[in-house]
Amino acid sequence: MADSAAKREADSAGTDELAQRVKRAKADNENGGGGAGKDPECENILSEFKTSAVLSDSAREKNIFIRGKLAGQEAVVILEKTPIREDSLAELFSGSRLKLEMRNDIYSTYRLQAPPQLNEIKTTVVCPATEKHVKKYQRQESFLVEETGEDYQSITLPYIQKQSFSVQWVHNILEKKAEVERIVFEDPDPKVGFVLLPDFKWDQKQVDDLYLIAIAQQRDIRSLRDLTPEHLPLLQNVFQKGKEAVLQRYKLPASKLRVYLHYQPSYYHLHVHFTKLGYEAPGCGVERAHLLADVIQNLQSDPRYYKTRTLYFPLRADDGLLGKFKEAERL
Ligand code: M7G
């Protein structure tokens, strides 16, 4: 007990130190890179990152998920090359160095060295990262689970009550302690209200991969399984006002949007994903995504739909919940 309290204290001290350093680096960036005598390189919080393992990578998606140590704590760092934007082409062509690799007949290939501002890598840091974060980002085989209403009560619910990710980041957003300046739309109503903001997977540089999340103000709805007709006004409000806000801000009509919930989610606080149709967002496949429009209709036609229906979802090989389904001989 004392040990874990000491660890929590050490963790939180480490987190505070990291937060301070991030703040300093951010302020320097916003002030144009550090001011007199300050080298922004020195504020690079990742300069001391020590890689311990590559959790997964993808040449096609041009990303890499790395586990390591940052300021003495476990961390996960995600690096991702971002799309080339049409509005940067002129600068890219005029401001780059071009090195010829080969020429053959009408064909030639080059290595183009872009100016640094057009060659950024989107970087996400989770620190301190839990073992569950490490597993989330590790490439793994998955298995499709069949969960009846009873399985949810006897297997899933007890598991998620003990094991799920902290939703502190969600509370920070609702309480305006984080990401305040990123909010796209807010309805403060405690029953039907929500906050709409960019998902941290989206760098907001182009609408082609638009990804927003709508987070319900209500805190006691864990997932699809908790939804009843009592929540229809909330779901309809998120759907309607969310679509209007996206149209207003990003000029994307509802016909260009995929609006859905995940089951299972990673974070058990009701939230809805808004992604651009045509963008293959991670987790938008039929085995995990449930269109909000369908969810609303299902609740309208059967008030107990999400209490009684069998739901299917994939779980990774080393997910503890998969172990519980195996123990119960449900897999
Ligand atoms: P999910 O369905 O619970 O799980 O969605 P998933 O991460 O497996 O998809 C949660 C969504 O919230 C994901 O799309 C995350 O990228 C996003 N998200 C997670 N965190 C910790 C944050 C955060 O701190 N800020 C923002 N803006 N989005 C986040």
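I count Ala, Val, Leu, Ile, Met, Phe, Trp, Tyr, Cys and Pro as nonpolar, Asp, Glu, Lys and Arg as charged, and the others, Gly among them, as polar. A reminder to myself before I start: this is a predicted model.

**Entry 1: the ligand shell**

Next I checked oxygen atoms of the ligand. I found one 2.7 Å from a polar side-chain atom of Lys136. For Ser266, I noted 2.6 Å between an N or O atom of the side chain and an oxygen atom of the ligand. Tyr267 takes part through its backbone, where a polar atom lies 2.9 Å from a ligand oxygen. I then looked at cover: on its own the ligand has 590 Å² of accessible area, and the protein covers 92% of that.

**Entry 2: the cavity**

How many cavities of 30 Å³ or more does the structure hold? I found one, and I noted a volume of about 60 Å³ for the largest cavity. Its lining includes Arg222, Leu224, Pro265, His269 and His273. Strand S11 (257-262) and S12 each supply at least two lining residues. My class tally for the lining is five nonpolar, five polar and one charged.

How values were computed:
Residues are numbered from 1 along each chain as its sequence is written. This is a predicted model: local features need pLDDT of at least 70, side-chain atom pairs count only at pLDDT 80 or more; totals for chains, interfaces and linings use all residues. Side-chain values use heavy atoms; hydrogens and water are left out. A polar contact is a pair of N or O atoms within 3.5 Å; within protein, one must be able to donate a hydrogen and the other to accept it, and residues adjacent in sequence count only if both atoms are side-chain atoms. Accessible areas come from the Shrake-Rupley method with a 1.4 Å probe; for residues, only the protein chains shown count as cover. On a 1 Å grid over the protein atoms alone, a cavity is a set of points where a 1.4 Å probe fits but cannot get out, and a pocket is an open set with protein on both sides within 12 Å along at least five of seven lines; lining residues have an atom within 4 Å of a point. Grid points are joined across faces, edges and corners, and a volume is the space filled by probe spheres set on the points. Helices (H or I, at least four residues) and strands (E, at least two) are DSSP runs, numbered from the N terminus.
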